[in-house]
Amino acid sequence: MVIDLLPTLIKHLKQHDFYISPPVGNVICAYARHEEFRKQLLRPESGFLALLVDMLEHRLTDIEDPAIQILGQLANHVDVQGDLIENGHIKDLVSVMRSRNHETSDGATLAMLSILRHPHVRFQAIEEGVVVTLVNRLKHRKSCLLAAYAFSRILEYDNIRTAMLDLSAHDYIIGAVKQGLFNATVENEPGKEVLGRLMRNDELRAAVLEAHTTAALCTMFKKGDPALNHAAFDFLNIMSNYPDGKELIRAAKIPIFRAIVAALDHQKWDSQKNAATALHTLLGIRDSSFETEFVTQEFRSVILEEISHILKLLANDRSFRVVGGAAALLALSDDEIIRAFVREHKDFKSARSEHFAKNKKLQYHGSDPREEDVHRMLDTLYAAMEESPNRRGVLKFPEVHPMPARSPLVTSLAILSCIFYIPCGLTSMLAGFAIDEAEK
C-alpha cells in the first residue's frame with residue numbers, strides 16, 4: 001500500500017516545504033526498514049538519492065532538514081551504503097560541501113555527518129576529499145565553526161583523525177580560537193562546548209598545544225578586547241582539565257600577564273578597562289563567570305611576583321598610564337591576599353603619598369584622559385584599598401573620558417597669531433568661539 005504511494009510521497013518531498021516535507025520525511029524513514037520499500041527507492045529511474053543531494057542546496061533551517069534525516073536513516077542499511085558509493089553520491093555530496101553558498105555547504109556537511117559512522121562510507125568519503133574539504137573550511141571565518149563542529153563529531157575515527165592532523169587542522173583551530181570564533185553558537189550548541197569536545201582527544205590537544213598557543217593567547221589579551229578575552233578564558237578553562245593543559249598554563253602565565261599589562265599601557269580607555277577586567281576574571285573574583293581553582297592559584301602567584309609592572313604604571317608621569325595601573329589595582333583589590341600585598345608595597349605607598357600631598361605633576365597629551373577623571377580614578381582606588389575585602393560588589397570603574405580634541409581652527413589661529421602678530425585678546429576670542437563650536 002505504502003509502496004503504491006511512493007510517487008506521491010516523493011512529489012510532496014520535492015516541494016521542500018517547511019510544513020509538508022518533514023512529515024513526508026518521517027513516513028519514508030519509518031518504512032525504510034522494509035527491504036522492498038528500499039528497493040523501490042533505489043531504482044535507477046527514481047533517482048531518489050540524487051534528489052536528496054540536490055535538496056541540500058535549499059536546506060530547510062530551524063528544523064532537521066528532511067533530506068538529511070532521510071539520508072541518515074537510509075544509510076543504516078548496507079544496500080543503501082552500496083548505492084551511495086557505487087553511483088557516485090558520496091562524491092557529489094563532497095562536491096556540494098565545497099559550495100560557496102554557506103547554507104548549501106552547511107547542509108551538505110551535516111548530511112555527510114549523518115552517514116560517516118559507517119566504515120565503508122567513511123573510507124570512500126576520505127578518498128573523495130571530505131577531510132581536505134573540512135580543513136579548508138576551517139580556514140575561513142564564516143565556515144570555520146561548523147567545520148570544527150563536524151570534526152568534533154567524527155574525531156573518534158582513526159582514519160579521519162590521522163588525515164586531519166596530516167593537514168595541520170590544529171593550526172587552524174588555534175587560529176579560530178585567536179579570532180574568538182568559538183564564542184558563537186553552531187547548530188544550537190555553544191562554540192565553547194565544540195572546542196571542549198575537540199580538546200578531549202589527546203592527539204589533537206597535543207598538536208594544538210604545540211601550535212604557538214602561548215603567542216596566540218598573548219596576542220588576544222594584548223588587544224584588550226572583551227570578546228577575545230572571553231575566548232581566551234574559555235580556552236584556559238578547558239585546558240585546565242588536562243595535565244598537558246596545566247603545563248601550558250604554568251609556562252604561559254607570565255607572558256599572558258605581561259600581555260595584559262601591555263593592554264593597560266594603552267592610551268585607549270576601553271582597552272585598559274578590558275585588561276583590568278581580565279585580571280579580575282583570571283583570579284575568579286566573585287561576579288566573574290570564570291571560576292577555575294587551578295587557574296586562579298597560578299595567576300595569583302604570578303600577579304604577586306610581577307605586580308611591580310602595574311605599580312610602575314601607577315607611578316608614571318603620563319596620565320593614561322596612571323589610569324591603567326589604577327584600574328588594574330582596583331580590579332584586583334577584592335582579593336584579600338593581593339590587596340594586603342599591594343598596600344605594603346613601597347611603590348604603592350609612595351604613589352599614594354604623592355597623590356594626597358598633591359606633589360605629582362602629570363603630563364596630558366592628545367587623547368589622554370581628562371585630569372578630573374584621573375583624580376577620580378585614584379581617589380576610588382585608594383578608598384577601595386582601605387575598605388574591608390569583598391565589600392565593593394560588582395566590579396565598576398569610574399567614568400574616564402579623553403580630553404576634547406583640539407579643533408583644527410584653534411590650531412590655525414595659534415599659528416596665525418605667531419606669524420601675523422594678531423593681538424592676544426582677539427586671538428583668545430576667536431579661539432574660544434572655535435572651541436565652543438567644536439564641542440557642540
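A polar contact is a pair of N or O atoms within 3.5 Å. Keep that cut-off in mind for the notes below, and remember that this is a predicted model.

1. **A buried aspartate.** Let us begin with Asp368, which sits in the loop between helix H23 (346-357) and helix H24 (371-386). Is Asp368 buried or exposed? Its relative accessibility is 0%, so Asp368 counts as buried. Now look at its partners. The side chains of Asp368 and Ser319 are joined by a polar contact of 3.3 Å, and another polar contact, of 3.0 Å, links the side chain of Asp368 to that of Arg318. Leaving aside residues up to four places away in sequence, Asp368 also touches others, including Gln267, Phe320, Gln363, His401, Pro402 and Met403.

2. **The chain as a whole.** The protein chain has 26 helices and two strands. Of its 440 residues, 51% are buried. Take the contacts between residues at least 6 apart in sequence: 71% of them join residues at least 24 apart.

3. **H4 against H5.** What describes a pair of packed helices? Two things do: the angle between their axes and the distance between the axes. For helix H4 (residues 48-55) and helix H5 (residues 66-74), the angle is about 140° and the axes are 9 Å apart. H4 and H5 are therefore oblique to each other; the cut-off for roughly antiparallel is over 145 degrees. The crossing of H4 with H5 is left-handed. On the H4 side, Phe48, Leu49, Leu52 and Met55 make the contact, and on the H5 side Ala67, Ile70, Leu71 and Leu74 do. Sorted by class, these residues are eight nonpolar, no polar and no charged.

4. **H1 against H4.** H4 has another neighbour to look at. The axes of helix H1 (residues 6-14) and H4 cross at roughly 15° and come within 11 Å. That angle makes H1 roughly parallel to H4. Here too the crossing is described as left-handed. Which residues of H1 and H4 meet? From H1 they are Ile10, Leu13 and Lys14, and from H4 they are Phe48, Leu51, Leu52 and Met55. By class, this contact has six nonpolar residues, no polar ones and one charged.

5. **A mostly covered helix.** Next, find helix H10 (residues 130-138). How many of its nine residues are buried? Seven are, and H10 is mostly covered. The buried residues are Val130, Val131, Thr133, Leu134, Val135, Arg137 and Leu138. What covers them includes H7, H8, helix H9 (119-127), helix H11 (141-154), helix H12 (158-166) and helix H13 (169-178).

6. **Asn101, between two helices.** Asn101 lies in the loop between helix H7 (89-97) and helix H8 (102-113). The relative accessible area of Asn101 is 41%, so this residue is partly exposed. Its side chain reaches the backbone nitrogen of Thr104 at 3.0 Å. Asn101 and Glu57 are 44 residues apart in sequence, with their C-alpha atoms 8.5 Å apart in space.

7. **Two positive phi values in a row.** Glu187 is in the loop between strand S1 (185-186) and strand S2 (189-190), and Asn188 is in the loop between S1 and S2 as well. Glu187 has a phi near 50°, which is positive in a residue other than glycine. Asn188 likewise has a positive phi, near 60°, and is not glycine. Are these residues exposed, or partly exposed? With 35% relative accessibility, Glu187 counts as partly exposed, whereas Asn188, at 79%, counts as exposed.

8. Ala262 belongs to helix H18 (residues 243-264). Because its relative accessible area is 33%, Ala262 is partly exposed. Along the chain, Ala262 and Lys223 are 39 residues apart, and their C-alpha atoms are separated by 8.6 Å.

How values were computed: Residues numbered from 1 in each chain as written. Predicted model: local features only at pLDDT ≥ 70, side-chain atom pairs only at ≥ 80, totals over all residues. Heavy atoms only, no water. Helix = DSSP H or I, 4+ residues; strand = E, 2+ residues; numbered from the N terminus. Buried < 20%, exposed > 50% of the residue type's maximum accessible area, 1.4 Å probe, protein only. Polar contact = N/O pair within 3.5 Å; in protein donor to acceptor, adjacent residues only side chain to side chain. Axes fitted to C-alpha atoms, helices over the stretch in contact; angles between N-to-C directions. Parallel < 35°, antiparallel > 145°, perpendicular 65-115°, else oblique. Left-handed = near helix turned anticlockwise from the far one by under 90°. Contact = heavy atoms within 4.5 Å. Nonpolar A, V, L, I, M, F, W, Y, C, P; charged D, E, K, R; others polar.
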